[in-house]
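Please take a moment to look over the sequence and the model together, and then follow the paragraphs below with both of them at hand.

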Amino acid sequence: MKKIPYYIILFFLIVSCEDVIDVELPPTESRLIVNAVFRVDITQEFIPVSVRVTETTDFFGEPQVTELENAIIFYGIPNPDAPEILENGGSSSLAETNPGSGIYGPDPTFDNDQRIRTSIGTRPGTVFILIIQHKGRRYAARTIYSPVVPIDSIEQGTETLFDEDDIEVLVTFTDTPEIDNFYVFDFDFNEFLALDDQFIDGQEFEFSYFYDKNLESGDEVEISILGADQQFFNYMDLLIEQTEDTGGVFETPAATVRGNVFDVTGIDNDALFDNVERPENFPLGYFAVIQEFKQSLTIE
C-alpha cells in the first residue's frame, strides 16, 4: 500500500470542513430617509425645491423609494412675540414629480403657483418648516435660510499629499467679520469638507484640497461653497467623518447621525422640533435651505 503524504490528508480535511454558514440577523425596523437640501442660486427666480424620500430595508439592502401621503412647506419671518407664527411668507404644497420616483416638488396642479420665489425665501431670518405624512406618521423639520460668501478663486496647485498622482486645488474665500460663520464645501464626486471661521474671522483664507482620484488633463471639477448654520455644519462634519470610505454622504445616511427631521405624530405643538420624548423614534436625513456659489476648474 502506498502511503499518502500527511499534507494531502490535511488538505482534504480542511476543504471538507468548509461549510457555508447563514447568519440570521435580527429584523430591523425600517426608517424613513429624507434628503431635502435646497441649494439656492440667488440669480434664479425660484428656489429649487426637491424632497427625495427613501426607506431603509435591512443591514445589507439598499434604501428603497417610498411614497408620502402628504407634504407641505411653510415659510416666512418669525413673529418677534410669537416665533411659531411665520409672517410675510406662504406655503408650498408638494407632489411627486414622476410616479414612483420618490422625489417631491411644488405641486403643479394647484390653481396658484406653489413654487417659492427666491426673493421671498432668501430674506434674512427666513424660516422654513417641512411637514410630511408617511405611513400614518407625521414628521416635521425646521431650518433657517443660510447665506454664504462667494468663492474668490480656485486654481490648481503643484503640491502632493500622499501620492505623486494627487491633484491639489487651492480655494480662496473671504470670511464675513464679527459673525460666527459655517461653511460646507462640495468638491464634486461626493467629496465634502465642513469648515468654520473660528481662526479666520473676517480674513481672506486660502486652503488646499487634494483629490486622490485618477483625474486627467482636461477633466473638469465643479467646486461649491454652501451656507450652513451651526446645526447643519455639525451634521455634515459628523456625516463626512463617518462616510469617508463609503461612497458619499448622501448615498446612505449613517444610522448614528441624526438630522433635523423629527417624528411629531400626535404632538400639537409644531414649535417642538426635537426628540426629547422620543429618543429612538426618528427618521434619517436633513432639511436645509442654503445659498450656493460654485466655480469650475479644468485640470491641467
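How many aromatic pairs does the count come to? In this model, which is predicted rather than determined by experiment, the count comes to 17 aromatic pairs.

Another pair, that of F187 and Y211, is edge-to-face, with 6.4 Å from centre to centre and 80° between the planes. Because F187 lies in the loop between β11 and β12 (192–196) and Y211 lies in strand β13, this pair ties together parts that are 24 residues apart in sequence. F187 and Y211 are each buried, and ring pairs also link them into a cluster whose members include F173, Y183, F185 and Y209.

Strand β13, where Y211 is found, leads us on to a sheet. This is an open sheet of 3 strands in the order β9-β10-β13, and the pairing is antiparallel. Since β9 (151–156) and β13 (204–211) stand at the edges and each has a single partner strand, one side of each is left without a neighbour in the sheet. On average, and with direction ignored, neighbouring strands of this sheet are turned by 20° against each other. Strands of a sheet pair through backbone hydrogen bonds, and they may do so in a parallel or an antiparallel way. Here, β10 (residues 167–174) and β13 run antiparallel and are joined by 8 bridges, and T172 stands opposite E206 in β13.

R115 lies over the face of F46, at 3.8 Å from the ring centre, whereas R31 lies over the face of F282, at 4.2 Å from the ring centre.

R31 is also among the residues touched by E55, together with others that include S30, P63 and H134. E55 is found in strand β2 (residues 51–55). Is E55 buried or exposed? E55 has a relative accessible area of 11%, and because a value under 20% counts as buried, E55 is buried. The side chain of E55 makes a polar contact with the side chain of K135, at 2.9 Å.

Terms used: Residues numbered from 1 in each chain as written. Predicted model: local features only at pLDDT ≥ 70, side-chain atom pairs only at ≥ 80, totals over all residues. Heavy atoms only, no water. Pairing = 2+ DSSP bridges. Helix = DSSP H or I, 4+ residues; strand = E, 2+ residues; numbered from the N terminus. Axes fitted to C-alpha atoms, helices over the stretch in contact; angles between N-to-C directions. Phe/Tyr/Trp six-rings, centres within 6.5 Å; stacked < 30°, edge-to-face > 60°. Buried < 20%, exposed > 50% of the residue type's maximum accessible area, 1.4 Å probe, protein only. Lys NZ or Arg CZ within 6 Å of the ring centre and 35° of its normal. Polar contact = N/O pair within 3.5 Å; in protein donor to acceptor, adjacent residues only side chain to side chain. Contact = heavy atoms within 4.5 Å. Lists of a residue's contacts leave out its neighbours within four places in sequence.
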